[in-house]
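Reader: I am new to reading protein models. Could you pick one part of this one and walk me through its surroundings slowly?

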Amino acid sequence: MALVDYGSSSGSENEVETEDIIPAPTILKRPALPTAVSLLGSKIPKQATEDDDDEEEDNRDMPELHGGRIRSFKHERGNWATFVYVPALAAVDQLEDFQSEVIEKLAEHVKLHANESLHLSLSKTVVLQYHQIDEFTRSLQHSLQSCAGFNSTLHVLQVYTNEERTRTFLAVQLDAAFTAKMSALLRPVDIVMRDYRLPQFYEKPSFHISLLWCVGDHQELLSSKLKELQQLLEDHDTLKLPVNEVHCKCGNKDFMYKLK
């Protein structure tokens, strides 16, 4: 299985929606990684300086710089936002055309934004420390090494909100015929998350690709438009989702795992 790392070593942050956590079957047994405190001892408080005010400003949530989005977890130096996903490469052109059509169609009702990274998530967004990244990604590689790829399709539109209901999403769901195969691919990812004491995926996962989002709770509005938007989507060719590889995004580093 190929493991490819793209990007530099600096960190970045991603947004996260959280729900319930489900237990995963025991396959791997791995001791928890030591914490920074156990390795280095407690940090000695430093004297406050004027530079600290600038650093505090950098770590504040500034939604006006991110289209009104609010971080779902606090950004701290050394934290790497991490999630596992399947890229939607084959249907990108069709989905981008659909995004533009919906933004124009609903412009008088709500301000929608296109998601730039079109993917199907296999994990929640979690936080890793820099020293955990190599071991975590090797664990994923080991856990996924026996998984086989498959072809699937996308079909039905659905509306979601994040847990805080500060953002609403329009998404296209994985065809129900492929739920069992995607769930089988999810299990080894959940096992690694459990071994590292990180949140696992949702108890009843709804596999989907988020296409558009808006600030605030507009679930009722978008749900009322689903029928006409579904017809708009069906005017496009069948949306194909080949599942040949799984990716792990850690800040701006991207690791790829080829499936059998």
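Author: Trp80 is buried, with a relative accessible area of 4%; buried means under 20% relative accessible area, exposed over 50%, and partly exposed in between (1.4 Å probe, protein chains only). Before we look around, a word on the source: this is a predicted model, in which local features need pLDDT of at least 70, side-chain atom pairs count only at pLDDT 80 or more, and totals for chains, interfaces and linings use all residues. Residues are numbered from 1 along each chain as its sequence is written, and side-chain values use heavy atoms, with hydrogens and water left out.

Trp80 has its place in strand 2. Helices (H or I, at least four residues) and strands (E, at least two) are DSSP runs, numbered from the N terminus. By that count the protein has 7 helices and 11 strands. Buried residues make up 41% of its 260 residues.

Now to strand 2 itself, residues 79-87: 9 of its 9 residues are buried, so the strand is largely enclosed by the rest of the structure. In a regular strand the side chains alternate between the two faces of the sheet. Here both faces are covered, with Asn79, Ala81, Phe83, Tyr85 and Pro87 buried on one side, and Trp80, Thr82, Val84 and Val86 buried on the other.

Who are the neighbours? Two strands pair if DSSP finds at least two bridges between them. Strand 2 runs antiparallel to strand 5 (residues 126-129), and 4 bridges join them. Within strand 5, Val126 stands opposite Thr82. Strand 2 also pairs with strand 10 (residues 245-250), again in the antiparallel sense and over 4 bridges; there, Thr82 stands opposite Cys250. Strand 4 (residues 119-121) is antiparallel to strand 2 as well, joined to it by 3 bridges, and its His119 is the bridge partner of Pro87.

Trp80 also shows how the fold brings separate parts of the chain together. The C-alpha atoms of Trp80 and Tyr130 are separated by 6.8 Å, although these residues are 50 apart along the chain. For the whole protein, among contacts (heavy atoms within 4.5 Å) between residues at least 6 apart in sequence, 83% join residues at least 24 apart.

Strand 10 pairs with strand 11 (residues 253-258) in the antiparallel sense over 6 bridges, and Asp254 of strand 11 is the bridge partner of Lys249. The hairpin of strand 10 and strand 11 has 2 residues between the strands, and in it Gly251 takes a positive phi near 60°.

Finally, a helix to compare with your strand. Helix 7 (residues 226-234) has Leu226, Leu229, Gln230 and Leu233 as its buried residues. Seen down the helix axis, these buried residues fall within an arc of 105°, so they line one face of helix 7; the arc is that of the directions from the helix axis to the C-beta atoms. The buried residues of helix 7 pack against helix 3 (92-105), strand 6 (150-161), strand 7 (167-174), helix 6 (219-224) and strand 9 (239-243). So, as you turn the model, keep both pictures in view: strand 2 is covered on both faces, while the buried residues of helix 7 line one face of that helix.
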